[in-house]
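Dear colleague,

Please find below the structure that I am handing over to you. My notes on it follow.

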Amino acid sequence: MKTITILGATGSVGTSTLDLVEREPDRFRVVALTANRDVDRLAAAAIRTRAEFAVVADEACLPALQAALAGTAVRAGGGPAAVREAAMSGAEWTMGAIVGCAGLNPVMAAIEGGRTVVIANKEPLVSAGEVILSAAARTGATLLPADSEHNAIFQCLDPTRLERVRRIILTCSGGPFRDWSLDRMRDVTPDQAVAHPNWSMGAKISVDSATCMNKGLELIEAARLFPVSRDRIEIVIHPQSVIHSLVDHVDGSVLAQLGPPDMRTPIAHTLAWPDRMATPMAPLDLVAIGRLDFEAPDPVRFPALRLAREALDAGGARPAILNAANEVAVDAFLQRRIGFLEIAAIVEHIVSCYDPAAPDSVDAVLAIDAEARILAGERVKDLV
Ligand code: NAD
Ligand code: MG
């Protein structure tokens with residue numbers, strides 16, 4: 001029996017993870033589940049899976065969770081310390097599926113346990129890559145990527161032959177506005193932006209996919225996870241989202257991982273790794289798919305790609321600032337306070353006016369993250 005903890009269990013990735021875990025009750029046992037405020041979904045999942053511990057990050061929701069779990073064997077917790085306790089529950093396999101840099105402390109706590117920590121939550125890796133990787137090296141924790149592109153690369157890359165890798169090629173669907181003009185994108189609404197053509201995801205990552213900031217964050221994520229020089233990581237637009245990424249080798253061999261656009265495939269890979277497990281999706285029907293298209297990315301219509309590349313090249317605090325400003329701007333867009341094109345404009349402004357020293361600890365990253373959020377919040381106010 002593999003013991004499982006899911007941080008962010010009520011979201012899109014968390015729900016996909018629970019779906020797989022619940023299909024094999026003889027193989028997986030749930031220890032702890034966390035959510036932010038979704039008391040009902042969290043309590044229902046904890047009761048169904050007979051979890052030991054269920055936690056709401058927002059402490060104000062604890063009484064409701066206690067009420068929902070009354071009379072069951074599930075213990076309820078609330079607030080950051082309880083999330084930390086859940087992350088350190090000692091499970092052999094922990095999924096990090098919180099959204100945003102809010103997942104940094106929980107993921108660090110899970111890494112302290114020294115077991116397997118699966119990273120879906122890419123923002124902490126963007127903001128605090130070096131800090132996270134050195135903690136994992138110190139504790140012996142195994143980090144496995146669940147983000148579909150990085151999971152694809154993980155499957156195609158031989159870490160003992162990195163010098164034989166010519167390029168890592170990240171595929172990008174291009175999002176719902178792939179062939180829209182800048183003018184047309186100006187009036188995009190949150191509803192249009194969250195309606196992704198291929199994937200069903202949480203609101204924040206859906207907007208990131210529409211601006212292509214998701215691919216920018218993934219570029220930085222790939223540079224953190226795979227020790228290949230950053231100029232060897234490329235992005236190609238692939239609208240069908242069938243090839244999840246590719247690794248090009250010096251002999252001309254390009255290895256790709258293909259699969260349905262369903263997060264359960266990469267999550268299952270990390271759940272069973274180094275073994276494999278069955279998933280409920282139909283086998284890939286290549287004849288029905290018919291064709292696979294590729295295009296060059298357009299950094300003019302999608303400036304987030306350029307901003308992320310610049311942040312990766314600059315290093316230091318820049319990726320954390322990029323990420324924090326983007327989180328604030330996406331939130332403001334979802335609240336209809338700013339327009340779609342203002343998301344990247346705000347990020348560009350904040351990275352150009354705030355330049356602290358490189359962070360060397362979680363606290364330093366969180367201080368930079370907090371300051372960048374304040375600056376981005378002020379910029380939002382200036383624009384509305
Ligand atoms: P989501 O919004 O659907 O779910 C987020 C989860 O985190 C929920 O359980 C929510 O309750 C919890 N949460 C939110 N704010 C929190 C906070 N401040 N503190 C503690 N918990 C909090 O998001 P998602 O789409 O499942 O994405 C989760 C992460 O995985 C993101 O970082 C995203 O970029 C990444 N990711 C998602 C997908 C996908 O298909 N959805 C694919 C690849 C990577
Ligand atoms: Mg991805």
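Which residues of helix H4 (residues 80-87) are buried? They are Ala 82, Val 83, Ala 86 and Ala 87, where buried means that 20 or more other C-beta atoms, placed from the backbone, lie within 10 Å of the residue's own. These residues lie on the same side of H4, because they cover an arc of only 145° around the axis, taken from the directions from the helix axis to the C-beta atoms. The buried residues of H4 pack against strands E1 (2-7), E2 (28-35), E3 (53-56), E4 (75-78) and E5 (93-96), and against helix H5 (104-112); a contact requires C-beta atoms within 7 Å.

This is a predicted model, in which local features need pLDDT of at least 70 and side-chain atom pairs count only at pLDDT 80 or more, while totals for chains, interfaces and linings use all residues. Residues are numbered from 1 along each chain as its sequence is written, and chains are lettered from A and ligands numbered from 1 in the order in which they are written.

As for the chain, 17 helices and 11 strands make up its secondary structure (DSSP runs of H or I, at least four residues, and of E, at least two, numbered from the N terminus). Of its 384 residues, 48% count as buried.

Ligand 1 has 25 residues around it, counted when the C-beta atom lies within 6 Å. Gly 8, Gly 11, Asn 36, Met 201 and Gly 202 come nearest. Helix H1 (12-23) and helix H6 (122-139) each give two or more residues to this shell, and H1 has the largest share, three residues.

Kind regards

Conventions:
Buried ≥ 20, exposed ≤ 12 C-beta atoms within 10 Å, placed from the backbone. Contact = placed C-beta atoms within 7 Å.
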